[in-house]
Amino acid sequence: MDSPWDELTLAFSHMSMFPFFDVAHYLVSVMAMKRRAGAGAVARKNPVSSWLTAMLHCFGGGILSCVLLAEPPLKFLTNHTNVLLASSIWYIVFFCPCDLVSQAYAFLPVQLLASGMKEVTRTWKIIGGVTHANSYYKNGWIVMIAIGWARGAGGAIITNFELLLKGDWKPQSNEWLKMSYPSKITLLGSVIFTFQHTNHLAISKHNLMFLYTLFIVTAKITMMMTEASSVTLAPFEDMLSQMLFGWQKQFAWCEKESQTKPSSNGAGSVASKPTADSSENVKKKHSKKTE
């Protein structure tokens, strides 16, 4: 008989994301798009462009994973139900009378609930990407990590490409050069679930899903409650950097020592020059006296 913990984690792992969690994901994504400067004016002047941008925000991870696996990028359009649902969210966010949706979303409890539910979908996307990549490349863990990361956080890269086409792209917002917190935490999750899928991590899938989701939801809510831009991963990154690349500091210290030794010898030779000059002067004076 399974323990209560196993029953809880199994029930959680079998939970469906449609429709409530998908609605939360679309709502958070479209609201993030609306906060951009001039997004409301673009939706009124060119609604088709605004709708396409919203679809990139909602389905960017799936599009990027399809591109990486040489699948049709517009494959997400075959899921008519989700496309219609995301389109409905986009419409009521931008065109609701009196902007009621944005006013309701401004309440912190609503934002906490929607953002927490969106983080739950991140786990399912990572697992879907890892499993999908494994169907193409059996136990190809590098490909599995890449597709899991793309499915879970690829929307940021796709939207950067959209900004590039519009002329609003900035180098400091490039996810390849400076990864954001969602990209980092998604990459970490992709690595963990890939190792679990290839049996290199001794933990059941449903337990790992529950624990990882609990971590990212707690971190997200903490960030929003404390108004922090991200939960710092600097201690973990510094420790990993020291383990993998700390040996370079030792070589740099040895190079400094080797550079200081010749300089000290050179200083000694310079100090000996005045004594040699003084002895020559004494010899000259002595020779003058004898003359």
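**Figure 1. Overall architecture of the predicted model.** Read along the sequence, the protein follows the pattern α-α-α-α-α-α-α-α-α-α-α-α. This is a predicted model, and the protein has twelve helices and zero strands. Of its 291 residues, 36% count as buried. Among contacts between residues at least 6 apart in sequence, 73% join residues at least 24 apart. The protein exposes about 17900 Å², and carbon and sulfur atoms supply 67% of that area.

Figure 2. Ser 102 is placed in helix H6, which spans residues 100-105. With a relative accessible area of 14%, Ser 102 is buried, since the cut-off for burial is under 20%. The side chain of Ser 102 is joined to that of Lys 34 by a polar contact of 2.8 Å. When neighbours within four places in sequence are left aside, Ser 102 is in contact with Met 31, Lys 34 and Val 93. Lys 34 also takes part in a charge-ring arrangement: the charged end of Lys 34 sits over the ring of Phe 94, at 5.8 Å from the ring centre.

Figure 3. Ile 89 is found in helix H5, residues 80-95. At 8% relative accessibility, Ile 89 counts as buried. Residues up to four places away in sequence not being counted, Ile 89 touches Val 23, Tyr 26, Leu 27 and Val 30. Ile 89 and Val 28 are 61 residues apart in sequence, and their C-alpha atoms are 9.8 Å apart in space.

**Figure 4. The aromatic pair of Phe 12 and Phe 210.** The count of aromatic pairs in the model comes to eleven. In the pair shown here, the ring centres of Phe 12 and Phe 210 are 5.4 Å apart and the ring planes stand at 85 degrees, so the pair is edge-to-face. Phe 12 lies in helix H1 (residues 4-13) and Phe 210 in helix H10 (residues 205-226); the pair therefore ties together parts that are 198 residues apart in sequence. Phe 12 and Phe 210 are both buried.

**Figure 5. The aromatic pair of Trp 141 and Phe 195.** The rings of Trp 141 and Phe 195 have centres 6.4 Å apart and planes at 55 degrees, so the pair is tilted. Because Trp 141 lies in helix H8 (residues 141-166) and Phe 195 in helix H9 (residues 181-197), the pair ties together parts that are 54 residues apart in sequence. Trp 141 counts as partly exposed at 44% relative accessibility. Phe 195 is likewise partly exposed, with a relative accessible area of 33%.

**Figure 6. Cysteine residues of the model.** The structure holds zero disulfides. For Cys 98, the closest cysteine sulfur is that of Cys 96, and the distance of 7.7 Å is too far for a bond; the cut-off for a disulfide is a pair of sulfur atoms within 2.5 Å. Cys 98 counts as exposed, at 65% relative accessibility. Cys 58, by contrast, is buried, with a relative accessible area of 5%.

Notes:
Residues are numbered from 1 along each chain as its sequence is written. This is a predicted model: local features need pLDDT of at least 70, side-chain atom pairs count only at pLDDT 80 or more; totals for chains, interfaces and linings use all residues. Side-chain values use heavy atoms; hydrogens and water are left out. Helices (H or I, at least four residues) and strands (E, at least two) are DSSP runs, numbered from the N terminus. Buried means under 20% relative accessible area, exposed over 50%, partly exposed in between (1.4 Å probe, protein chains only). A polar contact is a pair of N or O atoms within 3.5 Å; within protein, one must be able to donate a hydrogen and the other to accept it, and residues adjacent in sequence count only if both atoms are side-chain atoms. Contact means heavy atoms within 4.5 Å. Accessible areas come from the Shrake-Rupley method with a 1.4 Å probe; for residues, only the protein chains shown count as cover. Rings of Phe, Tyr and Trp (its six-membered ring) pair if their centres lie within 6.5 Å; planes under 30 degrees apart count as stacked, over 60 as edge-to-face and the rest as tilted. A charge sits over a ring if NZ of Lys or CZ of Arg is within 6 Å of the ring centre and within 35 degrees of the ring normal.
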